[in-house]
Amino acid sequence: MTTAKQQILASLRRSLRRAEPSAETRAELEQRLAAPQAHLIPQRAQLPHAGQLDLMEAMLQELKATVVRLPDEGEVPQAIADYLKNENLPPKLRLAPRDDLRRLPWDRAPLLEVEEGIAEADDATSLTGCFAGIAETGTLMMASGPEAPITLNFLPENHIVVLRASQVTGSYEDAWQRLRAALGNGTMPRAVNMITGPSRTGDIEQTILLGAHGPRRLHVLLVDDRPGAPSQD
Amino acid sequence: MQSTSHAFKDNARAALANQTLQKAMRHVKTGFIDKRAKARAKLPEFDDLRDVARDIKNHTLANLDFYLERYEEKVIASGGQVHWAPTAEDAVKAVLDICKRVDARVVTKGKSMISEEIALNQAMEQAGLDVVETDLGEYIIQLRKEPPSHIIAPAVHLTKDQVEADFRHHHRELPPERSLSEPVQLVAEARQMLRRRFLEADVGITGANFLVAETGTSIIVTNEGNGDLTQTLPRVHIVVASLEKVVPNLEDVSTILRVLARSATGQEFSSYTTFSTGPRRAEDPDGPEEYHVILLDNGRSNMLGGEFQDMLRCIRCGACMNHCPVYHAVGGHAYGWVYPGPMGAVLTPNLIGVDEAGHLPNASTFCGRCESVCPMRIPLPKMMRHWREREFERHLTPATVRAGLGLWAFFARRPKLYHFATGLQARLLGRVGRAAGRFDALPFARGWTKHRDFPAPEGKTFQQLWAERRKAEGRR
């Protein structure tokens with residue numbers, strides 16, 4: 001009995017008017033997969049790093065996300081407390097379970113209630129890190145894992161992200177190269193979320209509205225962690 | 001879904017007379033077109049990227065068997081399963097089997113055109129499952145028991161007043177005196193109603209915009225975040241995807257993603273582009289325990305290698321329908337099946353037969369706007385012509401059209417007679433119509449003059465004017 005898979009492959013090969021790919025073709029295709037080549041990269045994605053940071057900020061603002069640049073990660077707790085107060089949100093955070101967020105000086109914002117873990121249904125605000133920032137379109141790349149629960153990116157109504165300047169790259173291709181360097185070729189985290197602005201919908205008379213099912217607010221804290229940055233002197 | 005494509009002419013007539021539909025369609029005619037044009041202007045490389053995207057997909061299609069096998073290997077290696085489905089029935093059965101095995105009651109869904117194509121919702125409901133569409137547009141049309149009218153904006157045929165009426169009718173548990181006149185209130189109410197369903201779902205079903213052979217990854221491109229909640233919260237994630245969605249690697253898909261959202265909604269990138277690879281891993285704090293991909297053929301393997309192969313490059317952005325004067329006039333439902341507009345006019349006869357859907361490739365003015373905006377450079381008008389030829393060969397064309405074409409062919413084969421007859425006609429019509437400048441009725445052209453006037457010719461044919469101009473230029 002032929003399986004469904006054999007049936008489909010046979011039909012494809014009948015249409016392609018050939019049997020299985022030849023050894024030579026196969027070798028070429030293997031090569032294309034083993035050493036992925038970038039295609040045309042837009043000029044906009046090829047700025048020097050300082051330009052990438054400016055573009056990242058400008059793109060996020062265009063997307064109706066909000067951005068604050070911080071000279072030092074020690075300022076993150078206070079910046080979050082200020083943001084929540086300005087937006088009239090409860091001073092409560094669900095924190096991604098990662099060391100660099102955990103060891104921030106939370107005592108500088110004593111009124112903030114901070115709890116770690118995956119998102120619960122009634123969490124209003126989450127705080128996560130990210131894997132990379134892609135300046136080309138103001139995109140945040142999240143790689144899931146023990147330190148990065150996916151639910152934090154989608155369930156709460158407000159999502160705050162700590163993005164380090166060193167994580168900002170120009171293009172999607174740059175970000176993939178960083179991911180391959182971290183995990184090895186051909187390996188992906190279970191989920192990679194590319195997040196470009198808050199949740200939105202245009203399904204009712206093409207009126208663009210924020211906060212359809214995912215976060216209504218996306219707030220990015222762009223922290224300068226470059227060596228020699230003024231604040232680290 | 002049951003096709004009504006054979007009744008396109010009646011459907012179109014009804015759509016033209018439907019004032020509510022015409023009001024809703026006004027937003028389509030300008031919104032999508034302006035937004036795409038702006039996005040294109042912001043990226044100087046846009047048109048070059050379309051060429052690259054076309055070449056990537058052509059390369060993939062030429063080696064589709066290789067890439068699909070590699071894709072399956074990688075899915076299995078990451079702990080997922082691939083279910084190959086030659087037909088719609090096979091795909092539906094695979095989904096139902098999984099739901100039954102895991103004892104599912106509530107199934108949430110992200111927007112998926114493939115699930116419309118295989119009529120998945122009806123089958124799941126018949127099997128006793130509680131199926132919930134979670135994309136706002138899909139949720140609205142599910143309440144109305146209607147099919148989508150657009151491949152990326154399923155409820156584009158509705159006005160906000162209609163949505164308000166539907167919500168009031170179906171959300172009886174909410175206070176009747178609440179205000180719902182603003183779109184923002186409608187969105188908030190849908191968010192509130194669906195939140196509970198996301199959390200109680202046993203199985204989440206999404207489509208896939210792309211499958212990546214390099215990594216065994218499925219990709220969804222969305223704006224609302226409903227697709228991510230659908231595929232993250234339940235125990236089981238099922239992806240339903242057709243087999244031409246595969247691309248070789250992450251660089252390839254990055255290039256195509258650059259043209260997708262810009263062509264679709266005019267966004268530079270959609271809010272959420274999510275890459276899923278297998279089920280939750282041992283160390284993961286959340287995500288589904290099972291990950292399945294239903295890989296659907298349903299006639300696509302037969303399109304390969306033939307005159308409709310280019311259609312398999314389609315990435316379902318909807319730009320062709322957003323720019324189509326016929327779609328603007330009649331909306332998506334008139335097309336009678338899952339895929340409307342120019343891409344539907346080419347794809348539908350491939351999937352359900354030209355006997356059923358032969359009217360669709362005729363529903364075109366051949367203005368060529370669809371091809372001019374297609375991010376994958378699919379020659380849609382050319383393929384509509386292929387269908388017309390096939391219809392003619394198979395004697396599916398109506399007798400009056402065949403007779404008309406026969407008459408035209410008689411003259412066209414006799415150029416002198418043709419020039420004489422058309423010259424006579426142009427002079428005659430020009431003289432009779434000179435005073436008014438147009439005709440509001442003409443024999444043999446009632447189909448035209450019923451809806452608009454026929455401009456009076458200025459007395460000479462195009463060929464006569466052309467010859468005169470050539471002569472004048474030669475003398476200079």
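Reply:

**A loop residue in chain B, and two others**

Asn298(B) is found in the loop between strand S10 (290-296) and helix H13 (300-303) of chain B. Helices (H or I, at least four residues) and strands (E, at least two) are DSSP runs, numbered from the N terminus. This is a predicted model, where local features need pLDDT of at least 70, side-chain atom pairs count only at pLDDT 80 or more, and totals for chains, interfaces and linings use all residues. Residues are numbered from 1 along each chain as its sequence is written, while chains are lettered from A and ligands numbered from 1 in the order in which they are written.

Asn298(B) has a positive phi, near 50°, and is not a glycine. Most residues other than glycine have a negative phi. Asn298(B) is buried, because 21 other C-beta atoms lie within 10 Å. The cut-offs: buried means 20 or more other C-beta atoms within 10 Å of a residue's own, exposed 12 or fewer, partly exposed in between, with C-beta atoms placed from the backbone.

Now chain A. Glu205(A) has a positive phi of about 50° and is not a glycine. Glu205(A) sits in the loop between strand S10 (200-201) and strand S11 (209-210) of chain A. Glu205(A) is buried, because 20 other C-beta atoms lie within 10 Å.

Back to chain B. Arg262(B) lies in helix H12 (residues 250-264). Arg262(B) is buried, because 27 other C-beta atoms lie within 10 Å. Arg262(B) and Ala37(B) are 225 residues apart in sequence, and their C-alpha atoms are 8.6 Å apart in space.
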